[in-house]
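Here is a short note for a colleague opening this entry for the first time. Please keep the structure in view while reading.

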Amino acid sequence: MNIRLAKFISILFHPAIYPLVGLYFIFEYLPYHYPRNVVLLSLLMVFCGTYLIPVLISILLYRFRVISSLMMEKASDRRWPYTIGALSFFLTSQLIKSAGLAAEAHQYLAGAAYVILLHLVLLSFLKSSAHLGGLGGFLGMLMAVSAKYSLNLLPFIAGLILVAGIVASARLSLKAHDGKELVLGFSSGLLIVFSTVYFLH
């Protein structure tokens with residue numbers, strides 16, 4: 001794959017987008033009915049908790065030379081951002097839960113936090129793909145709600161599998177990961193988030 005195209009695909013399908021997209025899907029397609037302002041405030045909360053705060057802290061870590069690059073190509077550069085990200089995701093999930101919103105919303109974010117923690121633990125051995133972890137987690141959530149509510153989400157699921165293949169190809173072209181790291185990222189996201197959304201209450 002062309003390097004410019006691979007970089008564009010990596011940016012377009014950055015793992016930071018999935019919490020927002022996932023929460024929007026839950027509010028729009030599941031049998032919950034919330035006022036539009038509640039949905040917007042919830043999405044703003046998720047944006048701040050899963051994107052804005054982790055990004056700002058990562059910038060501070062870079063400025064204070066705790067990490068050597070914001071691209072986090074080295075496994076060592078991912079330890080602090082992953083730790084902060086997992087904590088931020090989990091706290092955001094608890095805020096969503098305490099607000100009495102859709103159970104799947106806080107389960108999805110909690111599952112994502114567990115995926116990040118697993119990837120953090122594995123950093124000593126390999127650098128699991130966050131891109132594929134995010135995609136796998138989103139797919140796991142779709143499969144879980146499809147099974148729970150008997151929804152026909154096959155077009156979404158098929159499309160997401162196709163996107164995962166394209167993103168995996170892009171990450172390989174950029175030499176960001178090897179095949180094992182891509183498979184581990186995707187499968188861990190899929191299995192952990194599916195289990196969290198389907199089995200936990």
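1. A word on the source. This is a predicted model. Please read each point below with that in mind.

2. Start with helix H2, residues 18–29, and helix H5, residues 103–122. Their axes come within 9 Å. They cross at roughly 160 degrees. Angles over 145 degrees count as roughly antiparallel, so H2 is roughly antiparallel to H5. The crossing of H2 and H5 is right-handed.

3. Which residues of H2 and H5 make the contact? From H2 come Tyr18, Pro19, Gly22, Leu23 and Ile26. From H5 come Glu104, Ala105, Tyr108 and Leu109. By class, the contact of H2 with H5 has seven nonpolar residues, one polar and one charged.

4. H2 also packs with helix H3, residues 36–63. The angle is about 160 degrees, and the axes of H2 and H3 are 9 Å apart. H2 and H3 are therefore roughly antiparallel to each other. Their crossing is right-handed.

5. Now the residues between H2 and H3. On the H2 side, Pro19, Leu20, Leu23, Tyr24, Phe27 and Glu28 make the contact. The contact of H2 with H3 divides into nine nonpolar, two polar and two charged residues.

6. Turn to helix H7, residues 154–173. H7 has 20 residues. From its first C-alpha to its last, H7 reaches 29 Å, close to the 28 Å expected at 1.5 Å a residue. Just after H7, lysine 175 takes a positive phi of about 55 degrees.

7. Which residues of H7 are buried? They are Ile157, Leu160, Val163, Ala164, Val167, Ala168, Ala170, Arg171 and Ser173. These buried residues pack against helix H1 (3–12), helix H6 (130–149) and helix H8 (179–199).

8. Last, isoleucine 3, which lies in helix H1. Leaving aside neighbours within four places in sequence, isoleucine 3 is in contact with Ser173 and Leu174. Ser173 is one of the buried residues of H7. The C-alpha atoms of isoleucine 3 and glycine 111 are separated by 32 Å. Along the chain, these two residues are 108 residues apart.

How values were computed
Residues are numbered from 1 along each chain as its sequence is written. This is a predicted model: local features need pLDDT of at least 70, side-chain atom pairs count only at pLDDT 80 or more; totals for chains, interfaces and linings use all residues. Side-chain values use heavy atoms; hydrogens and water are left out. Axes are lines fitted to C-alpha atoms, for helices over the stretch in contact, and angles run from 0 to 180 degrees between N-to-C directions. Helices (H or I, at least four residues) and strands (E, at least two) are DSSP runs, numbered from the N terminus. Angles under 35 degrees count as roughly parallel, over 145 as roughly antiparallel, 65 to 115 as roughly perpendicular and the rest as oblique. A crossing is left-handed if the near helix is turned anticlockwise from the far one by less than a right angle, and right-handed if clockwise. Contact means heavy atoms within 4.5 Å. Ala, Val, Leu, Ile, Met, Phe, Trp, Tyr, Cys and Pro count as nonpolar, Asp, Glu, Lys and Arg as charged, and the others, Gly among them, as polar. The expected span of a helix is 1.5 Å times one less than its number of residues. Buried means under 20% relative accessible area, exposed over 50%, partly exposed in between (1.4 Å probe, protein chains only).
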